[in-house]
Structure formats: C-alpha cells, structure tokens
Amino acid sequence: MRLEPQQRIYVCFFLFAVSMGAMLSRLPDLQDALQIDKSELGLTLIGAAIGALISLTFASPIVARLGARKTAFITVLGTSASLALVPWMGVAPLVFAILLCEGLLAGALEINLNVEIDRIEAQLGRGVMNRAHGFWSLGFFVTALASSVIRQAGISMQLHLALTFTFVLIVGSLVIAGMRNAPARPAQDHPEVGHVALPTLGLLPLCVIGIAAFLVEGAGIDWSAIYMRDVFHVEPFVGGLGLTLFTFFMALARLFADQFVDRFGSRSVALSLLLLSTAGLCAVWVAPHPNVALLGFALIGAGCSAVYPLAVSAAAQRTDRPAHVNVAALGQMSFVVFFLAPPLLGFVAEHAGIRTAYLVCIPVILAALMGVGSLSARRSAFA
C-alpha cells in the first residue's frame, strides 16, 4: 500500500483503539455475563494495568532490537486477538489473565508507536504527534458509534469482538507490512543506559501531566456507558452516546491540535485543555439531565485530547536518555493509569456513587496544572 510513514503509524493507533474500544463499549454486557459488581469488574480489568506496567518497565530494549515493523505486527495484532478472547472467558479470573497478556503487548505498542512518530516528526520538520494520537481517538469514536448500534441490535459480544479482530487482522497486515524504521534523532543517538525504564526527577512533571490525561480519559471511556445506564436509566443507544461524544471531540481536537501548538506553544494549549477537562468533569458530576451529562463528556473528551501527546513529545525530545527509554518511563506512569482507572473509579463508584467517581479526577487535574511549566512555551518545536 502506498502510504507515507506517518500514515502507517496513524493506522496502527486507529486499529489499537478500535480493538480496545470494542471491548470497553461492551463492559456493561461483560459485567452482566460475569455476574460481578463494579468493584469486582474494576479489579478484573486491572490485569491490563499489571501487564502494561511490566512491559513499559522492561520492554524498551526489546522494542529497540525488534524494530518498528516487527513490534507493530506482534503488538497491534496481538492486542486485538487477546481482546477478542475476553467474551469467551466465563469467569473473572480468566478475563484477568487474558487482559494481563493484552497489557504486556499494549505497553510495547505504546513505546514503539510513540518513538517512531517522534522520529518521523524530526524527518518531516513539523508536528504530527497529536494527529497520530487523534487517530487513536478516531478509532474509539468509530467503534463507539458502531457499538451503540450493535448493542441496540442485540448482537452478541462474542461476534462483535470476533468481527473487530478480523478487520484489524486484514487491515493491519496490509499496512504494517510496508513499515520501515525511521532513523533516531541525531542528538539522541547515544549508548543504551540500562534495560529498566524508570522516571527521572526531570521527567516527573511530565508524568503527572500524563497521569491526569489518562485518568480522565479512562473515566470517560471506561465508565461513561455504565454512568448513563445507572444514573439516567437510558436505553443502550443513548447510553453509548456518552462514549461516542467523548471520543468524537477527543479525535476532533487531536486531529487539529498541532496547528494550535505551533501557534501558541505546548504550555498554553495544555493549560487551556486541562481547564476544559475540569469544566466537563463538573458537568458530569452535577448533571440533572442526560443532555447535560452528554455535554460534559464532550467537554472532557476535548479537554484531555492533546495533553498526553504533548507530554510524549516533550519526553521524546529530552536528551538525557534514549527516546524509547524516556517514552517508556512516561508511559509507565501514565499509560498504566489508563488501565488503573477502572478499578480505582469502580471502587469509588461502588461505595460513593458513580457521580463521585468523576469528581475525584479534579485534584489530579489541579496537580497537572502545576506541572505545565515543564512543557515548551515556544510557538513551534521546529522553528
């Protein structure tokens, strides 16, 4: 297929999100099938967090050795296959084990795609990181919209995820086959500094920003359907609109964020988006009507859109360690929160109400606001 290098990365992000979004959109059905409460569902989903933590800590040298194409084949197709097996597991411990394997692959995927898109940015001389993550969000939007219709039609979770995997297998095989390794940034072409990726003191502010973005993203993606069902008792199609609006506005903001970053700088953009997330969280917390909640999910999606990609770019461009190590360390602290959000927020939802689960995200946003000074104030990273 005649695609530019960055376009192949876009497709990989899209396919990963399609697979994950299909499974997450069926969480209410998975909860019913396993006959567990919200806290138990959250603890089951923590398997993915554990796998991702292990992978993000130790997998960076493996990713560097395998290269972008081999790693993409293993991780993009492997995560989709793992998620397609989830509906066939009749008990929570088996789902936990499958998600543990999926998390191991997802962590390596995170390192691989983010480092590769940063190197491609350096070749192009312009920003494409936010657009790449925009295709992740676009994948969630497409699958959320499709899943609302699929659930309303009564199609089983097993068939839904099997068809999703078939799509990923066909498209992914065609696109990944043409990938080539982009050269490392010259300033970062230095010797390996170890096999374990751990955050440094200078990286911590970026980690806090990433944690906030992924906690809010996890709250929007994982619990929006259950929130709409439990709070407003809406039908499945309307219940799925929360996730649909969240992912649509996240994708829209990410696809066009790079031009705003070039014009106003990473710091100003991140500050504005974090404040927008706070407004959305408050709207969901106090929503007296489904429409207000849906507006809140739209604001949350737009607000947390480009925050994590901005942190990734800043981490990849640091010169203290190889890019894949810094990206892995950032992902270790923030990407895992995306998977930890279900159990943490599920515990809060079960004991204090699902509205309160969105309220507890606000202090983390405030902490991220204190760390935006670690982002560049320059109007363009390529000026």
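This is a predicted model: local features need pLDDT of at least 70, side-chain atom pairs count only at pLDDT 80 or more; totals for chains, interfaces and linings use all residues.
As for what sits under the surface, buried residues account for 57% of the 383 residues.

On the charge side, there are 22 positive and 20 negative side chains, with 9 Å between the centres of the two sets.

Now the overall build. The secondary structure comes down to 16 helices and 0 strands. Along the principal axes, the C-alpha atoms fill a box of roughly 55 × 40 × 35 Å. The radius of gyration is 19 Å, which agrees with a compact globule, because a chain of 383 residues folded that way would come out near 21 Å. Contacts reach well along the chain, too: take those between residues at least 6 apart in sequence, and 88% of them join residues at least 24 apart.

| Residue | Helix | Relative accessible area |
|---|---|---|
| Tyrosine 227 | α9 | 0% |
| Threonine 71 | α5 (residues 68-85) | 3% |

Start with tyrosine 227. Its relative accessible area is 0%, so it counts as buried, the cut-off being under 20%. Which residues does tyrosine 227 touch, once those up to four places away in sequence are set aside? The list runs Phe232, Val284, Ala287, Ala293, Phe297, Ile354, Arg355 and Tyr358. Glycine 242 is another reference point: it sits 15 residues from tyrosine 227 in sequence, and the two C-alpha atoms are 8.8 Å apart in space.

Then threonine 71, which sits in helix α5. Is threonine 71 buried or exposed? At a relative accessible area of 3%, it falls under the 20% cut-off and is therefore buried. Skipping neighbours within four places in sequence, threonine 71 is in contact with Val63, Leu66, Ala108 and Asn112.

Key
Residues are numbered from 1 along each chain as its sequence is written. Side-chain values use heavy atoms; hydrogens and water are left out. Helices (H or I, at least four residues) and strands (E, at least two) are DSSP runs, numbered from the N terminus. The radius of gyration is taken over C-alpha atoms; the globule rule is 2.2 Å times the number of residues to the power 0.38. Buried means under 20% relative accessible area, exposed over 50%, partly exposed in between (1.4 Å probe, protein chains only). Contact means heavy atoms within 4.5 Å. Lys and Arg count as positive and Asp and Glu as negative; His and the chain ends are not counted. The place of a charge is taken as NZ of Lys, CZ of Arg, CG of Asp or CD of Glu.
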